[in-house]
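Dear colleague,

Please find the structure below, together with its sequence. My notes on it follow, and I would be grateful if you read them alongside the model.

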Amino acid sequence: MLCHVGAGGSGVVATELGLKVAQAGHEVHFVGPAMPFRLSGHQGVRGPFYHQVSGFAYALFDQPYPELAAANTLTEVILEQGVSLTHAHYAIPHATAAIHARAITGRSRVITTLHGTDVTLVGAEPAFRHTTRHAIERSDHVTAVSHFLARQTREVFDVDREIEVIHNFVDSGRFTRVTDPAVRARFAHPDEALIVHVSNFRPIKRVEDVVQVFARVASEIPARLLMVGDGPERPRAVELAGQLGVTGRTHFLGSFPDVQTVLGISDLFLLPSSQESFGLAALEAMSCEVPVVASGAGGIPEVVEDGVTGFLVPVGDVDAMADAALRILRDRDLYLAMGAAARRAALTRFHPDQIVPRYLAAYARTVAGQ
Ligand code: GMT
């Protein structure tokens, strides 16, 4: 497995998948500059195993060339461990490194899962157009986490190869309602609605919209906002909370590892992103019976069913988002029905038992050269 190791949906998916594949009896090795953040503490004696990419600094080199270092360490792992398949999460840089290692070793086929950012980034910025297209075309098999992303990939790169859509999954045993009132009491008063947002606070997440929506909701009903994660837009969101007079009711928890507990006590999840190929954080909330109010961007409608598991509104329409939030929070029956439908969707359409076998089947076909 090659994936981004910091907090982020693609690293989560790669890690959870690696754990499930190891549980299914396969030998799984992660290769990266650091251990993926959700892998730490979950490895058993049968793996998954982790191999750190060796770094190399030399005065002549103006950069450390991490893709070459990753391809080199991956080559070592393929040869030493007899690896037959590399699963790269993202075309660039991971599939690029995997294809390089395949060329060096003459073995280990490459399956690439597209998560979004490389494709959507290239849609707006051509700097990686050729390398990304090459990685997609030369992978032995390609999957995408949504139909939206598969379509977008074909359009942006003008590729007509098969892209298999395999939605993300959620561990519904871990992401579940927290019923102990003492846990909730640590974050909110019993009469307050608890609203939550989880992201890496990149500009596309529109965290200022979250604060705007919350301020509108909090002017109507008692409410509290939990902001989980960290990133470049956090200072602006903190400042806006001050300007809108909701600082005391808005809590920036930072990169909080126990995200399932925070989701498990929350009443509503906000995801106003301008771009989202799937929206894994929304699915994790749904698994905890939390209705979602989101933008209808990208692949979000494949996860959140408008009017059933939450509401979808146009990107940037904070008034519509606040209205939708208030509609759910003021109507106990609607809130409970949406929470139950959200949990049902997590248990049926996005359960590991539905999704992991599809990856295992794709692995088997790819190794067999089909
Ligand atoms: O959204 C991010 O900034 C993180 C990014 C990542 O690489 O972790 O998330 C992408 O992959 C997730 C897992 O498949 C998806 O749930 C996110 O929607 C996707 N992000 C974007 O498309 C912007």
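Which residue of strand 12 does V292 stand opposite? V292 stands opposite G310. The model is a predicted one, in which local features need pLDDT of at least 70 and side-chain atom pairs count only at pLDDT 80 or more, while totals for chains, interfaces and linings use all residues. Residues are numbered from 1 along each chain, as its sequence is written.

The sheet

V292 belongs to strand 11 (residues 292-295), which pairs with strand 12 in the parallel sense over 4 bridges. Strands are DSSP runs of E of at least two residues, helices are runs of H or I of at least four, and both are numbered from the N terminus. Two strands count as paired if DSSP finds at least two bridges between them. The open sheet consists of 6 strands with parallel pairing, in the order 9-8-7-10-11-12. Its edges are strand 9 (250-254) and strand 12 (310-313), each of which pairs on one side only. From one strand to the next, the twist averages 20 degrees.

Helix 12 (residues 318-330) packs on this sheet and touches strand 7 (193-198), strand 10 (268-271), strand 11 and strand 12. The direction of helix 12 makes about 170 degrees with that of strand 12. Axes are lines fitted to C-alpha atoms, for helices over the stretch in contact, and angles run from 0 to 180 degrees between N-to-C directions. Contact requires that the C-beta atoms of two residues, placed from the backbone, lie within 7 Å.

The domains

The domain assignment gives domain 1 (9-169 + 351-367) and domain 2 (181-348); such bounds come from an automatic or database assignment. Their C-alpha centres lie 30 Å apart. The contact between them takes 14 residues from domain 1 and 12 residues from domain 2. On the domain 1 side, helix 1 (9-23) and helix 6 (147-157) each supply at least two residues.

The ligand

Around the ligand stand 20 residues, the closest being G8, G9, S10, G116 and S277. A residue counts here if its C-beta atom, placed from the backbone, lies within 6 Å of the molecule. Helix 1 provides the largest share of this shell, 4 residues. Domain 1 and domain 2 each contribute at least three residues to the shell.

With kind regards
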